Amino acid sequence: MAVTTERLPRCQVSLSIEVEPERVEASMETAARRISEKVKIRGFRPGKAPRPVVEQTVGRGAVFQEALDQLLPDVYREALESESIEAIDQPDIELASAEPLVVKATVPVRPSVDLRDYAALRVPRPEPRPTEPAVEETLDALRRRYATLEPVDRPIAWNDTVRADVSILLPGREQADTEEDAEFPLREGHAGPLPGFLERLIGLERGGTHEFTVEIPEDHPVEELAGGTASCSVRIHEVKEEILPDLDDDFARSLDEPHDGVEALRASLSERITERLAQEALHEYRLELIDLVVSLAELDYPEVLVERQVDRMIDERSNHASHTPEGLAQWLAAVGQTEEEVRDALRDGADQAVRRSLVLSEFVRSEELRVEPSAIDAEVERTAGLVAEDVPNLTPENAQRWRQLVESEESRANIEEQLLTTLAMDRLVEIAERPPPEGEGSGGPRRRSARRRRARAASAATEEADGPGEDAAAGDAEGDAEQGGEGPD
């Protein structure tokens with residue numbers, strides 16, 4: 001068997017495999033015998049008809065195809081072994097010639113990653129501090145949690161709560177989406193069911209039916225709705241005014257977590273906002289460091305890795321509905337997009353996730369990072385205990401079932417991967433925070449714009465009031481960095 005190879009872009013290798021005629025003939029004989037065992041041929045017992053008779057009965061093409069079905073996997077595997085090629089996905093195979101038999105296979109191979117001089121990376125970590133408006137916004141949001149609603153007989157204003165029958169006919173739809181006796185608050189800056197819908201309610205009065213249209217922005221995420229016009233019909237049953245409690249010492253003492261007074265409450269919220277901002281800053285700082293290392297690195301990887309990541313993202317967004325064709329079709333209908341439209345929209349994010357994952361994996365190898373078995377055991381125990389704490393009246397049988405799931409090989413592998421990612425992120429932060437050598441400036445790449453950090457104080461204020469516990473962290477930087485799915489190994 002003669003094999004020639006050619007390296008192609010995006011980590012692909014083309015193989016041209018010429019199979020010896022004698023081997024092809026032997027495969028044809030074997031194929032004819034298999035066919036004669038399955039196809040009834042007059043005058044011959046199963047498996048006993050000679051090849052010419054079989055070819056006359058089913059056609060030479062059918063015998064040749066049967067021979068290829070058995071022969072191609074073997075010759076392809078042998079070609080990979082002889083050329084020391086490590087394939088990471090199924091090949092694209094085409095028949096270049098029948099006589100002699102020449103097969104061409106295009107196969108994706110393992111990515112190549114050169115991190116370059118990542119050790120020169122120097123990026124100071126930001127130290128965000130809550131602003132006074134952020135604390136005051138948190139106090140306002142906290143007061144709203146304890147507000148009372150009183151019916152009023154006046155036009156609708158911002159911060160009112162409305163009870164109404166709502167019907168919205170979206171562009172391109174034949175039937176309106178209707179909800180009767182819906183109750184919802186009107187907050188400035190919130191989009192509601194459609195951008196601009198809540199604004200149209202301001203000034204309307206209860207009683208009667210109000211009809212109006214809403215122009216959908218051109219940048220609406222659902223492409224078929226973008227730039228269209230929605231027809232709305234609203235019948236208002238009740239308007240309730242929000243009455244906030246006074247911000248005084250009595251209010252501070254009445255909270256689920258009581259404080260000695262308003263100033264003590266303000267100081268506590270400021271501390272919690274600081275913690276939340278620090279968590280969010282660390283989250284973005286880690287992603288920034290990864291992306292800076294990605295910008296330094298030389299990467300070559302096959303497109304199949306991106307498509308796999310798109311598959312994972314669709315699976316997550318559809319809540320695993322994509323596991324079946326029927327479930328995928330229902331989810332696509334719900335989001336109003338075709339599968340190709342969804343995949344196109346996700347591809348850039350998937351590509352970024354793959355690049356991050358490849359860089360992180362190579363960083364782990366380069367730094368020779370390892371997770372101790374004792375650390376995995378401790379995390380297994382911690383995870384197993386979470387259900388016992390969070391699920392009331394947990395039966396011993398269910399607790400045992402959960403523990404077996406957490407202790408499975410697959411679960412332990414996932415835990416090890418998460419811990420390894422955390423080690424890598426911590427090590428990367430350690431490198432980036434080191435001072436440059438004496439007499440030298442920062443030789444690493446410049447950090448990206450801090451636009452994403454500018455809105456952090458306002459968002460933290462709202463989140464802190466909605467759930468002021470310390471456990472409401474701003475996401476898992478390690479998880480975001482690991483979006484590529486392959487994980488460090």
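Q: Two strands pair if DSSP finds at least two bridges between them; with that in mind, which residue in β4 is the bridge partner of Leu 15?
A: Leu 15 has Ala 105 in β4 as its bridge partner. This is a predicted model, where local features need pLDDT of at least 70 and side-chain atom pairs count only at pLDDT 80 or more, while totals for chains, interfaces and linings use all residues. Residues are numbered from 1 along each chain as its sequence is written, and side-chain values use heavy atoms, with hydrogens and water left out.

Q: What makes β2 and β4 a pair?
A: Strands β2 (residues 12-19) and β4 (residues 101-108) share 8 bridges in the antiparallel sense. The definition asks for at least two, so they count as paired. Strands themselves are DSSP runs of E with at least two residues, and helices are runs of H or I with at least four, numbered from the N terminus.

Q: Why are β1 and β3 called edge strands?
A: The open sheet runs in the order β1-β2-β4-β3, with antiparallel pairing. Both β1 (2-8) and β3 (92-97) pair on one side only. From one strand to the next, the twist averages 20°.

Q: How do you know that helix α3 packs on the sheet?
A: Helix α3 (residues 60-83) touches β1, β2, β3 and β4, where contact means heavy atoms within 4.5 Å. The directions of α3 and β2 make about 120°; axes are lines fitted to C-alpha atoms, for helices over the stretch in contact, with angles from 0 to 180 degrees between N-to-C directions.

Q: Is Gln 65 in this helix buried, exposed or partly exposed, and what decides the word?
A: Gln 65 sits in α3. Buried means under 20% relative accessible area, exposed over 50%, and partly exposed in between (1.4 Å probe, protein chains only). Gln 65 has 42% relative accessibility, so it counts as partly exposed.

Q: How many of the 489 residues count as buried?
A: By the cut-off above, 37% of them do. The chain holds 16 helices and 11 strands.
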